[in-house]
Amino acid sequence: MKFRITILCENSVGPISGTLGEHGFSALIEPSQGEPLLFDTGQGLTLLHNARRMNRDLSKVHNVVISHGHYDHAGGLLPLLAECGPKQVHAHPGIFAPRFRIRDTGECHPIGMPHSRDQLEAAGGTFELSKEFRQVAPGMSLTGEVPRVTAFETGDQGLYCDCTGQDVDNTPDDQSLILETGRGLVVILGCCHAGLVNTLGHIAGLSGRHDIYAVVGGTHLGFCGQEQLERTVSALKGWGVQKVAASHCTGFAASARLSREMPKEFQLALVGYTLEV
Ligand SMILES: [Fe+2]
Ligand SMILES: [Fe+2]
């Protein structure tokens, strides 16, 4: 199966005129046969606008994946349902949990799902919630919950389940999408809160496959420590990943490091970036 992957929402824009950036992520997955699938929806400020600018008709999409319940991936779901009709929404049952970022200043910001399950269902969303590895369309599978195995993938230290700072949120609902292509597996990441090495290891364990052709999306390396960055770069080289199309929460420093270490493989996946594979 062949796929065209197009970034619809991302923090920065590429050269397509009139597209807009926001802190968020969304990618449209169009297989050579069958229906397109939308992976994440951004915050909701740019999805419909950017899709129009790129001539992508989201009313043809009937399956949506929400990688995890953060506002910058799920906020576009309600406007999408309102404008483009009912959708089947594939996600982890934990997406509706309350969640917060506590800054160094002590400020506490809600960063969870901005709309309730009732609101989304009333607008035409039907939720298929599971923690398990599963196929969501031909050639497309979700990782399910990714076990935290590595000691060095300590993740984002600013995320909590409430504002007391006691209840750490390691975002267990985080899932990635696996595409089976002729060149190998392509892994689409939302924020990859589980860590890229944990995620790729989990995929290999489930599928028995180590041929990761590309990773595309948010790596969250911009919110992680130096050791996690170093060991993730080594792991990507070790796996022989041929395309690292980083987006969103990868950030400038980690992107620069990846670009220097993997100059042939690294690309910035901005709004409008397309990978055909
Ligand atoms: Fe994010
Ligand atoms: Fe996130």
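Buried means under 20% relative accessible area, exposed over 50% and partly exposed in between, computed with a 1.4 Å probe on protein chains only. The model on screen is a predicted one, in which local features need pLDDT of at least 70 and side-chain atom pairs count only at pLDDT 80 or more, while totals for chains, interfaces and linings use all residues. Residues are numbered from 1 along each chain as its sequence is written, chains are lettered from A and ligands numbered from 1 in the order in which they are written, and side-chain values use heavy atoms, with hydrogens and water left out.

**Stop 1: Asn50**

Select Asn50, which is found in helix α1 (residues 47–53); helices (H or I, at least four residues) and strands (E, at least two) are DSSP runs, numbered from the N terminus. With a relative accessible area of 0%, Asn50 counts as buried. Now display its surroundings, taking contact as heavy atoms within 4.5 Å: leaving aside neighbours within four places in sequence, Asn50 is in contact with Leu8, Thr19, Leu20 and Val271.

**Stop 2: the seven-stranded sheet**

Next, colour the strands of the open sheet of seven, whose order is β8-β5-β4-β3-β2-β1-β17 with mixed pairing; two strands pair if DSSP finds at least two bridges between them. At the edges stand β8 and β17 (274–276), each with a single partner strand, so one side of each is left without a neighbour in the sheet. Neighbouring strands of this sheet are turned by 20 degrees against each other on average, direction ignored, where axes are lines fitted to C-alpha atoms, for helices over the stretch in contact, and angles run from 0 to 180 degrees between N-to-C directions.

Move to β5 and β8, which pair in the parallel sense over five bridges, and pick out Lys87, which stands opposite Gly125 in β8. Helix α3 (residues 77–84) packs on the sheet, touching β3, β4, β5 and β8, and its direction makes about 160 degrees with that of β5.

**Stop 3: the aromatic pairs**

Rings of Phe, Tyr and Trp (its six-membered ring) pair if their centres lie within 6.5 Å, and planes under 30 degrees apart count as stacked, over 60 as edge-to-face and the rest as tilted. By this rule there are two aromatic pairs. Select Phe25 and Phe39, an edge-to-face pair at 6.4 Å centre to centre with 75 degrees between the planes. This pair links distant parts of the chain, 14 residues apart, since Phe25 is in the loop between β1 (3–9) and β2 (26–31) and Phe39 in strand β3 (residues 37–39). Phe25 and Phe39 are buried.

Then select Phe96 and Phe127, whose ring centres are 5.3 Å apart and whose planes stand at 75 degrees, so this pair is edge-to-face. Phe96 lies in the loop between β5 (87–91) and β6 (100–102) and Phe127 in strand β8 (residues 125–129), so the pair ties together parts 31 residues apart in sequence. Phe96 is partly exposed, with a relative accessible area of 26%, whereas Phe127, at 10% relative accessibility, counts as buried.

**Stop 4: the iron ions**

Centre the view on the iron ion (ligand 1), coordinated at 2.1 to 2.3 Å by Asp72 (OD), His73 (NE2), Cys191 (SG) and His248 (NE2). Donors are N, O and S atoms within 2.8 Å of the metal (3.2 Å for Na, K and Ca), and water is not among the atoms, so sites may look incomplete. The iron ion (ligand 1) and the iron ion (ligand 2) are 3.4 Å apart, and Cys191 coordinates both. Cys191 lies in the loop between β13 (184–189) and α5 (196–207) and His248 in the loop between β15 (243–247) and α7 (251–261), so the pair ties together parts that are 57 residues apart in sequence. Cys191 and His248 are both buried.

Turning to the iron ion (ligand 2), select His68 (NE2), His70 (ND1), Cys191 (SG) and His193 (NE2), which coordinate it at 2.2 to 2.6 Å. Along the chain, these donors follow the spacing H-x1-H-x120-C-x1-H. His68 lies in the loop between β4 (63–65) and α2 (71–74) and Cys191 in the loop between β13 and α5, so the pair ties together parts that are 123 residues apart in sequence.

**Stop 5: strand β15**

Finish at β15, where five of the five residues are buried, so the strand is largely enclosed by the rest of the structure. Strand β14 (residues 212–218) pairs with β15 in the parallel sense over five bridges, and Val215 stands opposite Val244 in β15.
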